[in-house]
Amino acid sequence: MLEHYTGRDEGTRLTRTGHGRLELLRTRELLAQHLPAAPARVLDVGGGTGVHAAWLAERGYSVHLVDPVPLHVERARKHGGFTAAEGDARSLIENDRGTDAVLLLGPLYHLVEQTERLRALCEARRVLRPGGVVAAAAITRYMGLLTYCADGELNADRLKRLLPTIDSGRHDPSLDFTDAYFHAPQELSAELSQAGFEDVRVFGVEGPAWTAVDAAGEDGARLMDSALLCARALEADAAMLPANAHLFAIGRAA
């Protein structure tokens with residue numbers, strides 16, 4: 001994971017492609033709908049170079065970013081407006097019940113063992129005030145298969161290596177990305193509940209039209225408005241959740 005992120009510019013991932021911009025816009029929409037009002041304290045765990053942290057700080061939130069990649073933390077600090085430190089989602093250097101909201105918009109798919117994901121979720125619950133909100137992102141089981149298909153790069157060999165992920169959730173890093181776990185919607189919901197969160201809900205982020213945006217490449221901007229409308233309309237439709245690239249789960253600390 002460290003090697004993967006050290007070798008690329010994660011700061012531009014959500015702005016350099018149509019799909020990335022769709023993910024960014026929808027993630028911000030969902031955060032705006034479900035986070036407590038500013039100036040709530042937000043802990044952005046696995047916050048990368050600070051794309052979401054900077055946006056939240058501009059909206060009046062008190063934000064502290066934690067990330068395990070030193071390069072990410074170095075770049076995040078250059079934003080100003082929020083603090084940043086190296087850290088691990090499974091062992092947060094934070095006081096009990098001192099935070100209004102915790103973002104886990106990356107750690108759950110890098111923790112491939114369920115015990116490790118539950119550790120991270122339990123840490124989020126520990127640092128949240130009663131009634132505080134956790135927002136956790138996950139990659140869907142079908143993302144890899146649909147990405148290769150949208151790019152026109154799905155062949156028999158890749159299909160053979162992608163299909164096991166749909167059954168097990170374990171991504172094959174020899175294909176792309178890094179060691180990762182891809183969730184089924186009901187599994188993500190169950191993990192939040194198991195960690196002690198209440199009122200758990202799971203939403204689709206990009207909607208099913210993200211593959212069209214991907215396939216359109218540089219011309220994807222003309223599809224954005226339609227894709228956004230589709231994502232909003234189907235965000236809570238259980239049957240359509242697996243067609244998203246990412247899931248967004250919300251839960252409340254008891």
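**Close-up views of a predicted model**

View 1. Under the rule applied to ring centres, the count comes to 1 aromatic pair. The ring centres of tyrosine 109 and phenylalanine 177 lie 6.4 Å apart with their planes at 50°, so this pair is described as tilted. The pair links distant parts of the chain, since tyrosine 109 belongs to helix α5 (residues 107–110) while phenylalanine 177 is found in the loop between α8 and α9 (185–194), 68 residues apart. Phenylalanine 177 counts as partly exposed because its relative accessibility is 29%.

**View 2. Arginine 117 and the ring of tyrosine 181.** Here the charged end of arginine 117 sits over the ring of tyrosine 181, at 3.9 Å from the centre of that ring.

**View 3. Histidine 52 and its contacts.** Histidine 52 is placed in helix α3, which spans residues 51–58, and with 10% relative accessibility it counts as buried, the cut-off being under 20%. When neighbours within four places in sequence are left aside, histidine 52 is in contact with Leu14, Leu24, Thr27, Leu31, Asp44 and Leu105.

**View 4. A nonpolar patch on the surface.** Leu154, Leu159 and Leu163 form this patch, and together they have about 210 Å² of accessible area. One of these residues, leucine 159, lies in helix α8 (residues 156–168), and leucine 159 counts as partly exposed because its relative accessibility is 32%.

Technical notes. Residues are numbered from 1 along each chain as its sequence is written. This is a predicted model: local features need pLDDT of at least 70, side-chain atom pairs count only at pLDDT 80 or more; totals for chains, interfaces and linings use all residues. Side-chain values use heavy atoms; hydrogens and water are left out. Patches are made of residues with over 30% relative accessible area and no salt bridge: like charges are joined within 9 Å, nonpolar side chains (Val, Leu, Ile, Met, Phe, Trp, Tyr) within 5 Å. Accessible areas come from the Shrake-Rupley method with a 1.4 Å probe; for residues, only the protein chains shown count as cover. A salt bridge is a side-chain nitrogen of Lys or Arg within 4 Å of a carboxyl oxygen of Asp or Glu. Helices (H or I, at least four residues) and strands (E, at least two) are DSSP runs, numbered from the N terminus. Buried means under 20% relative accessible area, exposed over 50%, partly exposed in between (1.4 Å probe, protein chains only). Contact means heavy atoms within 4.5 Å. Rings of Phe, Tyr and Trp (its six-membered ring) pair if their centres lie within 6.5 Å; planes under 30 degrees apart count as stacked, over 60 as edge-to-face and the rest as tilted. A charge sits over a ring if NZ of Lys or CZ of Arg is within 6 Å of the ring centre and within 35 degrees of the ring normal.
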